[in-house]
Amino acid sequence: MKPGNDNASQKRAQIIKTASITALIGNAILASVKIGSGIMSGSLSVIGDGIDSSVDVLIAIMSLFVAKIIAQPADAEHPWGHGRAETVATALLSFMLFFAGAQLILSSGKNIIFGAEREVPSLLAVIGTVVSIAGKLFLAWSLYMFGKKANSSMLKANSKNMSADVILSSGVLLGLGLSMFFDIGIIDSWVAILVGLWVLKSALGIFMEANTELMDGGSDKFHYKEVFEAVKSVEGAGHPHRVRMRKIAGFWDIGIDIEVPPNKTVIEAHWISFNVEKAIKERMENIYDIMVHIEPAGNLEEEGYGLCEETLKNDLNA
């Protein structure tokens, strides 16, 4: 999608909104089915699987709610806009998820340590899990198709998350089958601990990703490589260095220094920097802002931060 095409932008936004609502409704139904069947059948592992789906519901709700905040224009108090609201909300969500997973592990661990009698979960738990697997497969396929249509990496990533949930639910189903086959109810508690560990892993992954963005952390070196290649494609632009990249609500904010021949006029140097911005936007999607600083060729100023092409090559070869 090319910048400036308002109709295409609106259409893409509508597709993403439709996909988010689909994920919200679908996961809400599946979470209710799993938690309800888990409580009625006495299966902690199914309840834990339902907690995992509940997080997907919270993510969808958060996305729709935070979208209104993000849409607000920049103001005097927030000159960079309101995009970080999404990152802050994601970090808070990770703590909620971690707490839920820890509670599930502690509850299941007590049953195992103190030898509590556990009844074998009823067939209702199996039915709820099978429905969950079928529903997650449908959601994963739907989000992938939405993502492909909107060319949205976010939706495609969420599709992969749904696919991973299918693996989790399949593990729960296997645990239920073993519990029923051997007529040993405590097996469900062991599976519940594994589910809880999965939830903790997801919580830590979400937090680390949010923390990286909040700390203006590094990105994939591939994106830096794209920036350097973009500069090379512009006549008159040389020695790209002190490149800084950070994300604001999924959009790239890029700072870069380039060198131009010292005999260029101000207007000529300006158009070189303009073409550098244009070249970067043609290679990368979701650009928030690009700040190009111009220096005369041969500048020997010592740079204290940011990446240059030599540093990137050393990192990739390390």
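Which residues have the most contacts inside the largest nonpolar core? Select Val227, Met245, Ile254, Ile258, Val276, Ile280 and Met284. The core they belong to has 24 residues. A nonpolar core here is a set of buried Ala, Val, Leu, Ile, Met, Phe, Trp, Tyr and Cys residues joined through side-chain atoms within 4.5 Å; buried means under 20% relative accessible area, exposed over 50%, and partly exposed in between, with a 1.4 Å probe and protein chains only.

Before you go on, keep in mind that this is a predicted model, where local features need pLDDT of at least 70 and side-chain atom pairs count only at pLDDT 80 or more, while totals for chains, interfaces and linings use all residues. Residues are numbered from 1 along each chain as its sequence is written, and side-chain values use heavy atoms, with hydrogens and water left out.

Helices (H or I, at least four residues) and strands (E, at least two) are DSSP runs, numbered from the N terminus.

Now show the sheet. It is open, with three strands in the order S1-S2-S3 and mixed pairing; two strands pair if DSSP finds at least two bridges between them. S1 and S3 are at the edges with a single partner strand each, so one side of each has no neighbour in the sheet. From one strand to the next, the twist averages 15°.

Zoom in on S2. Nine of its ten residues are buried, so the rest of the structure largely encloses this strand. Towards S1, S2 pairs in the antiparallel sense over seven bridges, and there you can pick out arginine 244 with its bridge partner glycine 255. On the S3 side, S2 (residues 251-260) runs parallel to S3 (residues 287-296), with nine bridges joining them. To get from S2 to S3, the chain passes through helix H8 (residues 266-283) in a right-handed β-α-β crossover: with the strands pointing away from the viewer, the path from the first strand over the helix to the second runs clockwise.

- Aspartate 253 is opposite aspartate 289.
- Isoleucine 254 has isoleucine 290 as its bridge partner.
- Aspartate 257 is bridged to histidine 293.

Last stop: isoleucine 254. Leaving aside neighbours within four places in sequence, its contacts (heavy atoms within 4.5 Å) include Val227, Met245, Ile280 and Met284.

Methods
Axes fitted to C-alpha atoms, helices over the stretch in contact; angles between N-to-C directions.
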